[in-house]
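Have the sequence and the model side by side as you read.

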Amino acid sequence: MHIPVPLRRLYDLWMRFSQVLGRIMSTILLTILWIFVFGLYAIILKCMRLVSRQSSKETYWIDVSDHSTEMRYQF
Amino acid sequence: MNKPIYILGLSCFYHDSAAVLLRDGEIVFAAQEERYTRKKHDEAFPKSAIAHALEHAGITANDLNAVAFYEKPMLKFFDRILQTTMKVWPRGLRQYHLAMHEWMPKKLWTPQIIQKELGYKGKIFYPAHHESHAASAFFCSGFPDAAVITADGVGEWATTTIGHGQGKDLKLLKEIRYPHSLGLLYSAITYYLGFKVNSAEYKVMGLAPYGEPKYVEQMRQLIDLKPDGSFALAMQYFTYEYGLRMTGKSIETLFGKPTRDPESPLEQFHKDIARSLQEITDEAMLNLARAAKQLTGSKYLCLAGGVALNCVSNGKILRSGIFEDIFIQPASGDAGGALGAALMVWHKQMQGERLPRMQHTYLGNAYSQEEIEQFLKDQGMPYDTVALHDLPQYVAKLLEGENVLGWFQGRMEFGPRSLGNRSIIADARNPENWKKVNLKIKFRESFRPFAPTILEERTKEYFALDRESPYMLLVADTLPDKRREIPAVTHVDSSARIQTINRNQNALYYDLLKAFEASTGCPVIINTSFNVRGEPIVESPKDALNCFLHTHMDYLVLGQCVIDKKKLPPEWKRSSEEYLKQFALD
Ligand SMILES: [Fe+2]
């Protein structure tokens with residue numbers, strides 16, 4: 001795409017601005033998500049943990065011998 | 001004849017990205033991306049390594065039968081990262097932002113990135129991170145049946161696993177999950193000692209023999225070791241779940257000293273901490289070995305994952321006699337995950353045949369004599385050419401005494417160690433060489449030890465080691481009567497990190513040692529990686545020449561071309577300061 005020189009600078013400036021704006025917007029949105037969604041779950045989790053206090057363990061192993069993993073999937 | 005089956009294994013986006021190509025299960029090419037991009041521990045998508053792998057095999061991405069990625073990205077993100085965010089909430093906001101900015105545009109799109117970068121439309125497989133580590137050890141070991149221990153920082157959830165390999169089958173039996181991790185404990189102390197995390201753990205291991213295990217009891221406050229091999233960290237001492245640093249105030253209170261500033265002088269205290277950490281690591285690994293024996297009943301053990309690069313612990317496991325023999329994957333870090341992932345697909349998905357034990361790690365690019373000469377001519381660099389059958393004697397003569405040589409031959413090694421194709425070599429009998437190579441060639445800390453290469457058949461005469469150690473992954477003591485003969489490779493506690501060599505592994509390098517032995521009687525030389533501090537190991541003749549010119553190395557042997565620094569015209573003089581600036585301190 002050919003853009004005349006004066007416009008080119010304006011265009012560059014605009015693009016840079018849009019990047020900064022994108023970064024700010026995503027940071028704000030992510031923070032909102034963090035406070036409300038993660039926060040809510042976090043509080044519920046913490047309450048649940050208070051109820052089911054675990055006593056000291058005999059072992060820290062987790063048995064995974066009957067987990068079947070499927071390599072086709074990402075999870 | 002049937003068309004061969006090609007599997008491409010990839011690891012990237014964490015650290016040490018790499019590409020590995022299998023043809024009918026055999027490793028035809030393996031390399032880390034950092035060697036091409038010249039950025040140490042580069043975690044970018046391994047474009048160059050893939051391109052070289054395909055070129056080496058003479059194929060394109062269309063010929064690939066499968067691509068294997070070394071972990072499960074979705075599991076890591078949705079399970080561990082998001083759960084950890086909730087667990088540590090309301091701490092960890094910054095960590096959360098960083099993770100999101102890493103994952104949303106990039107890591108969550110791993111399959112799309114692979115397809116786009118490769119122009120590949122076929123199947124992609126995702127073995128779990130520790131399955132990849134385990135596979136990289138077991139399927140390369142040649143053992144028909146073996147216990148497998150993997151231990152690293154963290155994969156998806158698992159940080160430590162015990163598995164059992166039988167024939168083409170490999171199963172993980174037990175695991176320990178994040179945040180409890182031997183790798184992260186080691187990294188946290190590395191951080192506390194003022195070294196770079198995920199990079200300088202080696203220095204801590206090298207520092208340990210200078211110290212006394214005075215802080216083992218305090219270490220026990222950090223980690224609860226159960227006799228059954230399992231363990232848990234006391235998380236109040238660690239901040240890595242939510243912070244950008246690994247440890248904080250509470251560990252400083254525990255040990256009674258602040259975190260060391262990077263590059264500040266090392267005190268006895270730091271050495272004692274390093275030693276105490278090593279003791280705890282040894283104990284944890286021995287516990288794991290006993291547990292693995294009990295669970296599987298196997299005669300043999302395979303090890304992989306970053307912690308398996310701790311050759312001091314490996315040596316202890318071997319000497320404990322819990323297992324008859326052990327195999328340690330030489331590329332035990334995450335680069336080796338690429339290899340393991342591909343091997344998982346070959347054996348478990350495709351039911352491909354097992355192959356004999358991996359014999360060497362010379363799996364990267366090679367440069368022909370013509371290419372090297374052409375390169376030197378283009379540069380206008382004066383050099384001598386030595387006939388191939390005279391080369392070992394010629395170079396052995398140069399080695400005697402105090403010369404330090406750059407030695408560049410054949411295919412590049414895969415994994416973190418140089419094993420005789422991209423090496424700096426020197427006479428191990430000269431104690432001055434230790435200082436010289438550390439300070440004037442590698443520009444690194446003076447305490448760091450060097451590893452010896454020894455002719456395999458003479459190992460027992462020099463070291464308390466009764467078997468081969470081709471990948472420098474075992475530490476054993478130098479025998480008392482030999483300590484004065486090879487001071488430059490014997491550490492303060494008289495241990496050495498040994499590389500044994502036989503002619504099948506690397507004929508030219510073996511012949512060089514043989515020639516050195518013939519003229520001096522000594523079958524041992526110093527072998528260290530061909531790079532300066534913070535620089536990835538050299539890949540091409542260009543990298544090698546660059547490194548040679550900017551350091552105090554005396555000779556460079558590129559293939560059959562020998563360059564003598566004393567004979568170089570003054571216009572080839574280079575300052576090392578400028579060169580070093582381009583590499584971040586590790
Ligand atoms: Fe790993």
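How many salt bridges are there between domain 1 of chain B and domain 2 of chain B? The count is 2, where a salt bridge is a side-chain nitrogen of Lys or Arg within 4 Å of a carboxyl oxygen of Asp or Glu. This is a predicted model, in which local features need pLDDT of at least 70 and side-chain atom pairs count only at pLDDT 80 or more, while totals for chains, interfaces and linings use all residues. Residues are numbered from 1 along each chain as its sequence is written, chains are lettered from A and ligands numbered from 1 in the order in which they are written, and side-chain values use heavy atoms, with hydrogens and water left out.

**Domains of chain B**

- Chain B is split into domain 1 (6–134 + 336–349) and domain 2 (369–583); such bounds come from an automatic or database domain assignment.
- The centres of domain 1 and domain 2 of chain B, taken over C-alpha atoms, are 32 Å apart.
- Domain 1 of chain B puts 16 residues into the contact, and domain 2 of chain B puts in 15 residues; contact means heavy atoms within 4.5 Å.
- About 1200 Å² is buried between domain 1 and domain 2 of chain B, with 55% from carbon and sulfur atoms. Buried area is the accessible area (1.4 Å probe) that two parts lose on being put together, summed over both.
- Arg35(B), Arg38(B) and Lys40(B) supply 56% of the area that domain 1 of chain B buries against domain 2 of chain B, more than any other three residues.
- Arg38(B) forms a salt bridge with Glu535(B), and their closest N and O atoms are 3.3 Å apart.

**Chain A against chain B**

- Chain A gives 33 residues to the contact and chain B gives 45 residues.
- The two chains bury about 3600 Å² between them, and carbon and sulfur atoms give 64% of that.
- On the chain A side, Trp61(A), Met71(A) and Gln74(A) lose the most area to chain B, together 27% of what that side buries.
- Between chain A and chain B the salt bridge count is 0.

**Iron site**

- His129(B) (NE2), His133(B) (NE2), Asp152(B) (OD) and Asp334(B) (OD) coordinate the iron ion at 2.1 to 2.2 Å. Donors are N, O and S atoms within 2.8 Å of the metal (3.2 Å for Na, K and Ca); water is not among the atoms, so sites may look incomplete.
- Along the chain, the donors have the spacing H-x3-H-x18-D-x181-D.
- Asp152(B), between strands E6 (145–151) and E7 (158–166), and Asp334(B), between strand E12 (325–328) and helix H13 (335–349), sit in loops of chain B and are 182 residues apart.
- Asp152(B) counts as buried because its relative accessibility is 4%. Buried means under 20% relative accessible area, exposed over 50%, partly exposed in between (1.4 Å probe, protein chains only).
- Asp334(B) is buried too, at 5% relative accessibility.

**Other positions in chain B**

- Asn430(B) lies in the loop between strand E15 (422–427) and helix H16 (431–441). Helices (H or I, at least four residues) and strands (E, at least two) are DSSP runs, numbered from the N terminus.
- Asn430(B) is buried, with 15% relative accessibility.
- Leaving aside neighbours within four places in sequence, Asn430(B) is in contact with Gly401(B), Glu402(B) and Ala488(B).
- Asn504(B) is in the loop between strand E18 (495–501) and helix H18 (507–520), and Asn504(B) is exposed at 73% relative accessible area.
- Glu370(B) is part of helix H14 (residues 369–379), and Glu370(B) is exposed at 59%.
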